[in-house]
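Reader: Please take me through the terms used for this model, with the rule behind each one.

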Amino acid sequence: MSTVEQVAAKTAVGGNTVLDFTRDLMRRRGMTTVFGNPGSTELAFLADFPEDFRYVLGLQEAVVVGMADGYAQASGRPTLVNLHTAPGVGNAMGGIFNAQANKAPLVITAGQQARELITLQANLTNRDAARMPHPLVKWSYEPPRAQDVPLALARAAHVATLPPAGPVFVSIPMDDWGVEVDAGTVEHALARTVTGRASADPEVLRDLAGRLAGASNPVFVAGPDVDVSGAWDAAIALVEAARLPVWAIPAPGGGRIGFPEGHAAFQGILPPAIGPLSETLAGHDLILVAGASVFSYYPNIPGPLLPEGADLVQLTNDADEAARAPMGDAIVADVRLTLEALGAALPAVDREPPPVRPAPEDMPESDPMSGSEAMAALADVWPEDGVAVVEAPSATLALRHRLRLSRPGSYYFAAGGGLGFGLAAAVGVQLARRERPVVCVLGEGSAQYAIQAFWSAAAYEVPLTVLVVRNDEYAILKWFSSLEAVRGAPGLDLPALDVPGVAEGYGVRSRRVESGRELRSALRDAIGSGAPEVVEVRVVPGMSLG
Ligand SMILES: Cc1ncc(C[n+]2csc(CCOP(=O)(O)OP(=O)(O)O)c2C)c(N)n1
């Protein structure tokens, strides 16, 4: 019998192989949706795929990891990825980079040559499997014996989900799956739970609550882990009780939105460079940053790290994030528990409420439209429970300004800045959240990095809307060129890229629009259609900042 047949025979009767225990583990951890792209070294893992599992095929590994990243973030569960030995992991690296920046709990597995052929380096051997994704994952491992695979995967799932969450990697030789395991050595490991939501020292919190109440002009800065930890209500309650103005962390580093952007206290998005950021916060004497690194700066525009006379306190569940901050104090604890405790400890505050920022201004329509007008049209038709997955560099700020997203779990963006996340992640988010309409807003350049995700959207009937903002260039790179005083850089124009044509080729219905009226109507149709659809809008070149 071949390995595949042996494994199939065992699982059919409920056996005690590596594969049986792995599937048991996956069921217990809610990891029955698997994202992968298979090769011969993974087939034994896929043998007789159980009916209560779902396999989501991506046609390239950037797509596989991007979909899993979106799915893991939107479901809040560890998510299993199955890649094809060394070249599969190689193709996946950009996505793994994004996943670690997004703190997505991915359990990434890859097939490996049969154990007895690894040393002679037979074809498909990943000769240094654990080293390959090393700097991008929290833990990277190839178990020394087949029997250790279930335990390694149990450990991997814990490491991936413990704070800060992030991708882990396990390499699994292809002949391991049919090997028998002594149940006594793994049953406890498969059943145990590990929780990592730690609360802060109550004394430190009391002191901070007092400082927050006593400061003359404190400010709240909301980051992605407010959303991840389920802390929106706690953040709103604290902000309202302490009458704090609120800023979002700089857009490029913020993969999630941590505070309702339509709330009266919300002031806007901080600029991403050192000098402008501290200038924006000038006048505040206490800056409370929740659920973010301090800060994900880019580009390099020097200046003081803090405004004159300001203290900063960072709340984060990530010890490294706390340790590497160049200024301020930090409290390492769960963001939600900390904000709730801070709210409970806050003395009465008597302060003027913060200023209210104006509503977005109306714009006369131009022909072709600007990116801002396109985002205004999107805002006009935005479904109340919509989710935006965004990879449209020149239109991101306009989107945030116009949409003012105000529900938890409504925004996903590649915190690491690697293109190839958006389209793939949108498929994953929509698979995890069937009940919410997902709109992926995509530059036509960005669309190319994981374009095969259109196939997965069509194949699994994922009712996603993709708005392609077409400006025939790498607009943001032209903007950076002027900032960096670079002249004459080649390769920044993208004439004749036909995203709708390519999407049609993968089976996704597509249309092109020019006017605001057409755009609104096409978006309404697409969002309501229950099927994946592309709407491409042509806009003028250049950045859209508001
Ligand atoms: C994997 C990867 N390669 C290259 C880049 C550099 N990059 C950043 S933005 C950008 C242009 C994106 O073009 P498009 O989606 O058309 O957006 P626009 O700037 O025109 O809005 C590029 C190439 C990147 N961020 N990630």
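Author: Helices (H or I, at least four residues) and strands (E, at least two) are DSSP runs, numbered from the N terminus. The model is predicted, with local features needing pLDDT of at least 70 and side-chain atom pairs pLDDT 80 or more, while totals for chains, interfaces and linings use all residues. Residues are numbered from 1 along each chain as its sequence is written, and side-chain values use heavy atoms, with hydrogens and water left out.

Reader: What makes a space a cavity, and what makes it a pocket?

Author: Both are sets of points on a 1 Å grid over the protein atoms alone. In a cavity a 1.4 Å probe fits but cannot get out; a pocket is an open set with protein on both sides within 12 Å along at least five of seven lines. Rolling a probe the size of a water molecule over the atoms shows where empty space is left. By this rule there are two cavities of 30 Å³ or more.

Reader: Which residues line the second largest cavity, and which element gives the most to its lining?

Author: A lining residue has an atom within 4 Å of a point. For the second largest cavity these are Thr 41, Glu 42, Phe 45, Asn 82, Thr 109, Ala 110, Gly 111, Ile 172 and Trp 177. Strand S4 (residues 106–112) gives the most, with three residues.

Reader: How do the residues of that lining divide by class?

Author: Ala, Val, Leu, Ile, Met, Phe, Trp, Tyr, Cys and Pro count as nonpolar, Asp, Glu, Lys and Arg as charged, and the others, Gly among them, as polar. The lining of the second largest cavity therefore has four nonpolar, four polar and one charged residues.

Reader: Why is Ser 446 called buried?

Author: Buried means under 20% relative accessible area, exposed over 50%, partly exposed in between (1.4 Å probe, protein chains only). Ser 446 has 5% relative accessibility, so Ser 446 counts as buried. Its place is in the loop between strand S15 (438–443) and helix H18 (453–459).

Reader: Which residues does Ser 446 touch?

Author: Contact means heavy atoms within 4.5 Å. Not counting residues up to four places away in sequence, Ser 446 touches Glu 391, Pro 393 and Leu 419. A polar atom of the Ser 446 side chain lies 3.4 Å from the backbone oxygen of Glu 391.

Reader: Is Ala 265 buried or exposed?

Author: Buried, because its relative accessible area is 6%. Ala 265 is in the loop between strand S8 (246–248) and strand S9 (266–269). Leaving out residues up to four places away in sequence, Ala 265 touches Val 239, Leu 244, Pro 245, Val 246 and Pro 354.

Technical notes: Points joined across faces, edges and corners; volume = space filled by probe spheres on them. Polar contact = N/O pair within 3.5 Å; in protein donor to acceptor, adjacent residues only side chain to side chain.
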